[in-house]
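Student: I've got a protein model open, and I'd like to learn how to read it. Can we go through it together?

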Amino acid sequence: MTTDPSVPPDSPATGAGRGTPPDPTATAGEYLVKPESALKFTRAAALWSALITGFVVLIVLLVFIMQNTDTTTIHFLPWEWNLPLGVAILLAAVCGGLLTVAVGTARIVQLRRAAKKNFKGRNA
């Protein structure tokens, strides 16, 4: 409690718990703790952000494909295709992503099997 009559008796005038000593020239309102925001980050907000990001990426990809329309010949083993350059590069990136997902999935399955085996061994 303080002897200053301008400070209400219920306000924390010592600054305790904030790590800094109180400022003797500060008013009572400066010591009040800032209230937590009533708006929380929700799953719907995360979904909305992901959708906006996805649409921006799709627009950038569409512009990339439209600017790279020169036809190129793709050779793979005995096969041969004629594709626009932008489509060929995008197709290669998608195939690389699918390969990464396949390897990651195999690793997750491997770790789950090991965890399940370890869990059964502890309960026996």
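Student: How much of the protein chain is buried?

Tutor: Buried residues make up 6% of the 124 residues in the protein chain. Buried means under 20% relative accessible area, exposed means over 50%, and partly exposed is in between (1.4 Å probe, protein chains only). Keep in mind that this is a predicted model, where local features need pLDDT of at least 70 and side-chain atom pairs count only at pLDDT 80 or more, while totals for chains, interfaces and linings use all residues. Residues are numbered from 1 along each chain as its sequence is written, and side-chain values use heavy atoms, leaving out hydrogens and water.

Student: How do the two strands pair?

Tutor: Two strands pair if DSSP finds at least two bridges between them. In this model, β1 (residues 71-76) and β2 (residues 79-84) are antiparallel, with 6 bridges. Thr-71 has Pro-84 in β2 as its bridge partner, and His-75 stands opposite Glu-80 in β2.

Student: What's in the turn of that hairpin?

Tutor: There are 2 residues between β1 and β2. Look at Leu-77 in that loop: its phi is positive, about 50 degrees, although Leu-77 is not a glycine. Leu-77 also counts as exposed, because its relative accessibility is 69%.

Student: How many aromatic pairs are there?

Tutor: Rings of Phe, Tyr and Trp (its six-membered ring) pair if their centres lie within 6.5 Å; planes under 30 degrees apart count as stacked, over 60 as edge-to-face and the rest as tilted. The count here is 1 aromatic pair. Phe-76 and Trp-79 have ring centres 6.1 Å apart and planes at 15 degrees, so they are stacked. Phe-76 is partly exposed at 47% relative accessibility, and Trp-79 is partly exposed too, at 48%.

Student: Which residues make the nonpolar surface patch?

Tutor: Patches are made of residues with over 30% relative accessible area and no salt bridge: like charges are joined within 9 Å, nonpolar side chains (Val, Leu, Ile, Met, Phe, Trp, Tyr) within 5 Å. A salt bridge is a side-chain nitrogen of Lys or Arg within 4 Å of a carboxyl oxygen of Asp or Glu. The patch here covers about 990 Å², and its residues include Leu-47, Trp-48, Leu-51 and Phe-55. Leu-51 sits in helix α1 (residues 43-67) and is partly exposed, at 41% relative accessible area.

Student: Where is Val-87?

Tutor: Val-87 belongs to helix α2 (residues 85-123). Its C-alpha atom is 9.8 Å from that of Leu-62, 25 residues apart along the chain. With a relative accessible area of 32%, Val-87 is partly exposed.

Notes:
Accessible areas come from the Shrake-Rupley method with a 1.4 Å probe; for residues, only the protein chains shown count as cover. Helices (H or I, at least four residues) and strands (E, at least two) are DSSP runs, numbered from the N terminus.
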